[in-house]
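Trainee: Can we go through this model together? I'd like to begin with the salt bridges and then move on to the sheet.

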Amino acid sequence: MDATSNSETPKDTLYDEINTFFESAPPLKDGPDISRKLKEFIERNSQSTGGRGASRVVCVTSGGTTVPLEKRCVRYIDNFSSGHRGAASTEYFLKAGYSVIFLSRRGTCQPFCRSLPEDPLLECFEVSKELNVRVCQSHSEAVRTAIGEHCAAVEGGLLLKLPFTTIFEYLQILQLIAMSMKNLGTHAMFYLAAAVSDFYVPWKSMVEHKIQSSSGPLDMRLVQVPKMLSVLRKDWAPVAFCISFKLETDSKILLEKAEIALKKYNMHAVVANELLTRKEVVVVVTSSEKISVHRDKTEASADVESPLIELLAEKHSSYIEHLDS
């Protein structure tokens with residue numbers, strides 16, 4: 001008998017880790033309401049439009065997940081991410097004809113708000129002597145444009161915004177989204193730009209109340225977050241077009257890491273970006289090529305996300321044509 005026949009395979013171990021994660025996670029707040037919104041959104045956007053066939057739906061994840069250190073959370077470990085990439089990409093996906101499920105960290109950058117001041121409520125409005133609130137002249141065009149484009153997308157049923165804060169919320173909602181989009185087949189896309197925590201404190205081993213500093217040095221064991229991308233590709237939405245991101249501070253290892261992620265998680269593309277130049281250039285890594293995408297420097301307001309989404313939409317079209325032919 002083979003010496004390893006009674007041991008778990010890496011695949012079995014992964015599924016065990018994922019099941020343990022979801023079983024031990026705190027119940028998702030408003031889970032039934034989120035499922036209802038997803039069902040209605042997918043049904044509305046899975047219909048044929050103008051004889052062009054089924055609409056395309058993309059799930060854009062944005063911002064960083066937190067890792068609570070207490071159940072009644074006061075302290076947490078955070079991930080660096082402003083959410084700018086996801087917010088900008090959402091705007092360009094909408095312009096490209098996609099319907100967008102925007103899964104974003106609470107408090108991070110939102111679509112159509114990127115041109116507003118950092119504190120829009122205080123800086124975009126003014127109060128007259130009669131206590132009437134009005135838009136400041138200097139920000140009136142930006143505010144009207146943002147409100148108009150946002151309302152058109154939401155009221156037109158093309159944009160569904162779902163917020164998260166913790167790693168538990170993020171992965172539970174992502175699973176709900178993926179399972180809801182499964183029936184879209186090749187017309188579904190995942191654009192996974194969120195900065196997802198690599199480690200977490202299991203809910204069952206977490207203390208209830210605030211950790212007291214008087215207890216002395218803190219000794220805490222973090223567990224590795226299960227790699228959900230493999231299961232997303234294999235089980236949750238097996239024929240969806242999937243793009244992940246790889247961010248590094250060392251440009252020398254960036255492309256190598258992106259290639260490893262491409263193969264390990266069976267992604268269709270990995271967007272490689274280096275921390276200091278991420279707003280100027282990214283590299284789209286696929287199984288057959290590496291394409292550098294640059295921001296148009298001739299336009300001050302141009303984003304690197306504009307040519308990036310154009311390229312990914314073209315690759316998605318080729319993917320659909322190849323599998324559906």
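Mentor: A salt bridge here is a side-chain nitrogen of Lys or Arg within 4 Å of a carboxyl oxygen of Asp or Glu. This is a predicted model, where local features need pLDDT of at least 70 and side-chain atom pairs count only at pLDDT 80 or more, while totals for chains, interfaces and linings use all residues. Residues are numbered from 1 along each chain as its sequence is written, and side-chain values use heavy atoms, with hydrogens and water left out.

Trainee: Which residue forms a salt bridge with K227?

Mentor: D198 does, with 3.8 Å between the closest N and O atoms. The pair links distant parts of the chain, 29 residues apart: K227 is in the loop between strand 10 (223-224) and helix 7 (228-236), and D198 is in the loop between strand 8 and strand 9. Helices and strands are DSSP runs numbered from the N terminus, helices being H or I with at least four residues and strands E with at least two.

Trainee: What is the relative accessible area of K227?

Mentor: It is 27%, so K227 is partly exposed. D198 is also partly exposed, at 43%. Buried means under 20% relative accessible area, exposed means over 50%, and partly exposed is in between (1.4 Å probe, protein chains only).

Trainee: How many salt bridges are found in the whole structure?

Mentor: The search gives 15. One of them joins K315 and E289, at 2.7 Å from N to O. K315 lies in helix 9 (residues 305-324) and E289 in the loop between strand 13 and strand 14, so this pair ties together parts 26 residues apart in sequence. K315 is partly exposed at 21%, and E289 is partly exposed at 32%.

Trainee: And K37, where do K37 and D33 lie?

Mentor: Both are in helix 2 (residues 31-45), four residues apart, which is about one turn of the helix. K37 is partly exposed at 33%, and D33 is partly exposed at 30%.

Trainee: Which residues are linked with K37 in a network of salt bridges?

Mentor: D33, R36 and E40 are linked with K37 in that network.

Trainee: Do strand 11 and strand 12 pair in the parallel or antiparallel sense?

Mentor: Strand 11 (residues 241-248) and strand 12 pair in the parallel sense over six bridges. Two strands pair if DSSP finds at least two bridges between them. K246 stands opposite A272 in strand 12. Strand 11, helix 8 (residues 251-264) and strand 12 also make a right-handed β-α-β unit. Right-handed means that, with the strands pointing away from the viewer, the path from the first strand over the helix to the second runs clockwise.

Trainee: What about strand 13, how many residues lie between strand 12 and strand 13?

Mentor: Six, and the two strands form a hairpin. Strand 12 and strand 13 (residues 281-285) pair in the antiparallel sense over three bridges, and the bridge partner of V271 in strand 13 is V284.

Trainee: Why is strand 12 largely enclosed by the rest of the structure?

Mentor: Strand 12 (residues 269-274) has six of its six residues buried, so it is largely enclosed. A269, V271 and N273 point one way, and V270, A272 and E274 the other. In a regular strand the side chains alternate between the two faces of the sheet.

Trainee: Last topic. Which residues make the nonpolar surface patch?

Mentor: L121, L122, F125, V127, L131 and V133 make the patch, which covers about 680 Å². Helix 4 (120-123) and strand 5 (125-127) each supply at least two of its residues. V127 is in strand 5, and V127 is exposed at 54% relative accessible area. Patches are made of residues with over 30% relative accessible area and no salt bridge, joining like charges within 9 Å and nonpolar side chains (Val, Leu, Ile, Met, Phe, Trp, Tyr) within 5 Å. Accessible areas come from the Shrake-Rupley method with a 1.4 Å probe, and for residues only the protein chains shown count as cover.
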